[in-house]
Amino acid sequence: MKKKWSTSLLCLLMLVSLVATGCNFSGDKGSGSAPGGTAPAADGQQAKKESVINLSFENEIKDLNQFSTSDNISFSVLNNVSEGLYRLDEKHEPQPALAKGVEVSPDGLTYTFTLRDGIKWSNGDPITAADFKFAWLGAMNPQTSKGGYAFILSDYIKGGAEYASGKGSADAVAIDAKDDKTLVVTLNQPTPYFLRLTTFILYFPLNEKFVTEKGADYALKPENMLYAGPYKLTSFDPASGATLVKNENYWDNANVKVEKINLKVIKEQSTALNAYKAGELDRVMLSSADVDTFKNDPEYTTDIEFRTNYIQFNTKGEGTSNLNIRKALQLAYDATILEQVILNNGSKAATGMIPVQMSGVDHKSFRDLQGDLIKADAAKAKEYWEQGVKELGKAPQLKLLVPDDSLSKDLGTFLQSEYKKNLGIDVTVETKTVKARNQQMDEGNYQFGVTGWGADYDDAMTYLDLWANHTPYRGNYENPKYDELIASAKKEVDETKRINMLLEAEKILLAEDAVVSPLFYRGNSFLQKPHVKNLIFHPYGSPVEYKYATVE
Amino acid sequence: MKRYIGMRLVYLLITLFVITTATFFLMKQLPGTPFDEEKLNRLPVEERQLLYASYGLDQPVYVQYVRYLANVVQGDFGTSFTYKNMPVKDIIANRIGPSALIGLQAVVLGLSIGLILGIIAAYRHNSAWDYFTMFIAVLGVSVPNFVLAALLQYYVGLKWGLLPVAFWDSYENSILPSVALSVGVVAIIARFARNEMLEVLQQDYITTAKAKGLTNMAVVMRHAVRNSLIPVVTILGPIVVNLLTGSLVIENIFGVPGIGSLFVDSIKMNDYSTIMGITIFYSAFYVFIMLIVDMLYSVIDPRIRLASGGE
Amino acid sequence: MQQQEKASLDHLFRPASVSAKEPEKISRPPLTAFQDSFRRLRKNRAAIVSLIILILLGVLAIIGPWMTSYTYYDTDYSAVYKAPNADHWLGTDKFGRDQWARIWEGTRISLLIAVLAAVLDLVIGVAYGAISALIGGRVDNVMQRIVEIIIGIPSLIIIILLMMVMEPGIMTIMLAMVITGWVNMARLVRAQILKLKEQEYVLAARSLGASNTQIILKHLIPNTIGIIVINTMFTIPSAIFTEAFLSFIGLGLQEPMASLGVLIHDGYQAINTQYHLLLYPAIVIIAIMVTFNILGDGLRDALDPRMRK
């Protein structure tokens, strides 16, 4: 009997020791009780103390390999530990970064970048034009490109599309590293926003020797990466977060003011708020429930993203194949309720697909040039509905496909109640897991659903060309006139003519063919500690800049 | 006994095999792909096919299955689809630690407090003690654990500043999650211990022992407790497994990078290799714990025949 | 001196009359098992109080939604996030929906799901566990391995698959919970019957010539009822919790349907500022859980013949 007890005790001890070794605390609480090391109370001593900012992400940092990553959070980290030819500044304008400057040929097709002197990787290797060529080719190569973002290079660079689809060779791609400091790129068509594109993660350089050496282990650990940006990683765990410290080899290191950035992953919004109040975080997003309580707090601010949430109709779906039904559904809800009541966080009711501040031409925004395309009108909606029912023979039973995140479910409830009130119809909200819903949309097995799209760059094309590929996901929409407008716009050199084509395309998409129905443009409310300044959040592309931040 | 263990190990392997197979095929039925469909939608169909092929996902399911088994047998559990290129083995190894620590602490805490409460309640049956301890125990299982976690976080963490609010920086971060998790264990153990003790205390041999002149304490300790342990051991098995394999809710609320949230996330994201890796790990662990529990049975109660009907 | 005292006290005693029948007489009135149990239950004040509260909750679940003019799905965007007031007795949520109606509607649905799931668990679990234990040997081994396999397969996968295949709704959630839930009952019943099989009175009954059926019906089942009842009383709250968990990870009921799980999840989102949205559903769920548990304990005490005082 005694023997059996001792063996079970031994097993327990083994279990405990196994557990204890595997705990891996991140032990990053160097600042201990002093939050962020910059507690506003203690003056005088501040000059010697390390300047730190504590920030959070609402999801994990999934992948730091720029060839395969595709989520915003990984983009946020990569944007600060690496850098491209240009970088967006506080006004979201591209400024020379690793490039000293650029020369554009008169036809707008050839860009000659000259790299800055003295730029180095974090291991001392110089950053050369060949590094850019290696990275750009790798991001298009179907063997290595796993994130689905190859298009952001292959759509624009000559020879890229063929290479990306496996039909062309790397040599036919028009990227030329003339010498260590000169990079020449030829585009398919003139692209006014090309410099902005180079601020995007996939345009960042990679050290070929290092990446090949690391092989499959590249970017899995901080020591398996090289840094060209204002910061480098000292610790990284996808589920807990990362620590960034200043990169001494960065060309502009003198202007980087904050020495350390702690990034934590926190999925529950309420926990993040508690952490903020406890001083463990310097910035937190507010959920719509909390906005009213904090609206008058001095630490409260809002910002916007170039992201539009909208309803996608399936133009071949039962009931939604009828144009009048779609038009009715477009007009039968009041998006200002979303703006003011349900979201209440700086989001704005949408009247078109392109968000409000997105550029148009001649310093006017696209939205200003176009005006409001869709505005709620219950009476008209009812007319369209009755017309549609007459054409179909009977009123269709509608199901709204909704993924299972809170925002989409709220949108579903909102639309359901609005349609009941304004059209007197009962719409079923069909909630599915993200994957199931994606599969249904890929198969065209839906009538209409809520979805959203964020801009990759500051031009209406980032939205509008989505509907030129005729997939079920985009509503099985096929309009030769629309396709032609998009194709021509891609080739058009004259800015004004090009924007006019895009304006017309948006009009066709929303007002004439009712393929989609806009809900809102994304805005965010958050609290930020007053001693943290100049954290830049871009509404598109690389989400956040830590480089310009300061701490008082 | 040795023969019995040997047989059980064989059964363990068979069970593992069946679980792995069933899970693999069920998992492949999950709708969607392991990739970000919204982003992939921009790719022309040929490029998407190339992507699937590079992961071997274009093969028929049974081919993928055989390939997977062949790899597993050699110790290769593949790489995750969500954390691209990260070996599943490493991910699991990293994420188990926190969950196991919290789980273990919760079990130890819950077991000790639960046993004490249950034994006291039975000992002083129908007294104020009985009602009080049972009420506490019941409350423990009636309050949803995220409510409890939220309250702990708000009061102990934020308002009184005694412990960190969240994250996983040092040992103190594990205390609040463990406490939140242990409350359910206390409740279950307390009730079971109480019930069994009550039953045992009615038995004749207890009366005999008391008649022999043993003190109440000796009676309780030497006879009653030992005999009450069986159902407690039964219930302990699944509890241990549940706790050590992580609680999604607690992990999300306290920002703990544990395996519970990894598992749920990988299922929702169709991360095939991670799902399989964790399933195999969980099942092996569970079957192993069940073996230990059954062995403990025979230690505690030799009357229970373990091998075939009458040995 | 003792002798004298003894003699003087003798007149105080009268010899008792003993008839031949007396030793055989049972001094308590005969009770059936149920009468006996019910009597004991009535004595357990906590259990009675719980029963009353539970009945009250059940009644409210049925008539609650009708007590107010608001329905559980009507939205009112001019009255969102209102604290409890005369108009909306328990306040409103982010869509201006009346919480009183939603909570009782939710209780209705949660109880429905939980009771159905518990009943199914019971039927399947008891049958499986009893057969496994009674037949014993090889069959028992195989059946137990099957149980281990079922537990081994991640139930979340099964649940998601089920929700893909079937229309999302009450039936689906209930089925999803039952598919892996019956296992617990089976294991407990098996453990109990294994234990009972070896008891002396079973041996005695067998040697007296009782058939297997008689042993099962007269000895094994009545002594297992305690475990079964406790576990069922456990299953119901656990089912409510499971449903709440599914809502928490997003697999709950469709909008605008509410269950306690959905309400608690929604309420949790606003915990920092509108805690009334979490408080009231939480109170209801806690009340249900507590009462079920106490009632379960009381029933167990009452049903166990050995507890007879």
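Let me begin with the contact between chains A and B. In this predicted model, 50 residues of chain B are in contact with 52 residues of chain A. On the side of chain B that touches chain A, six helices each supply at least two residues: α2 (37-40), α3 (45-54), α5 (88-123), α7 (145-159), α11 (248-254) and α13 (272-300). The helix that gives the most to this side is α5(B), with 9 residues. Sorted by class, this side of chain B has 27 nonpolar, 12 polar and 11 charged residues.

I turn now to the contact between chains B and C. Here chain B contributes 41 residues and chain C contributes 43 residues. Several helices of chain B each supply at least two residues of the side that touches chain C, among them α1 (2-28), α6 (128-142), α8 (175-201), α10 (216-244) and α12 (259-268). The largest share, 8 residues, comes from α1(B). By class, this side of chain B has 27 nonpolar, 11 polar and 3 charged residues.

Finally, I would draw your attention to a pair of helices within chain A. The axes of α10 (residues 323-331) and α13 (residues 378-392) of chain A come within 7 Å and cross at roughly 155°. Angles over 145 degrees count as roughly antiparallel, and α10(A) and α13(A) are therefore roughly antiparallel to each other. Their crossing is left-handed. Which residues meet there, in α10(A) and in α13(A)? From α10(A), the residues are A:N324, A:I325, A:K327, A:A328 and A:L331. They meet A:K380, A:A381, A:Y384, A:W385, A:Q387, A:G388 and A:E391 in α13(A). This contact of α10(A) with α13(A) has 6 nonpolar, 3 polar and 3 charged residues.

Note on methods:
Residues numbered from 1 in each chain as written. Chains lettered and ligands numbered in written order. Predicted model: local features only at pLDDT ≥ 70, side-chain atom pairs only at ≥ 80, totals over all residues. Contact = placed C-beta atoms within 7 Å. Helix = DSSP H or I, 4+ residues; strand = E, 2+ residues; numbered from the N terminus. Nonpolar A, V, L, I, M, F, W, Y, C, P; charged D, E, K, R; others polar. Axes fitted to C-alpha atoms, helices over the stretch in contact; angles between N-to-C directions. Parallel < 35°, antiparallel > 145°, perpendicular 65-115°, else oblique. Left-handed = near helix turned anticlockwise from the far one by under 90°.
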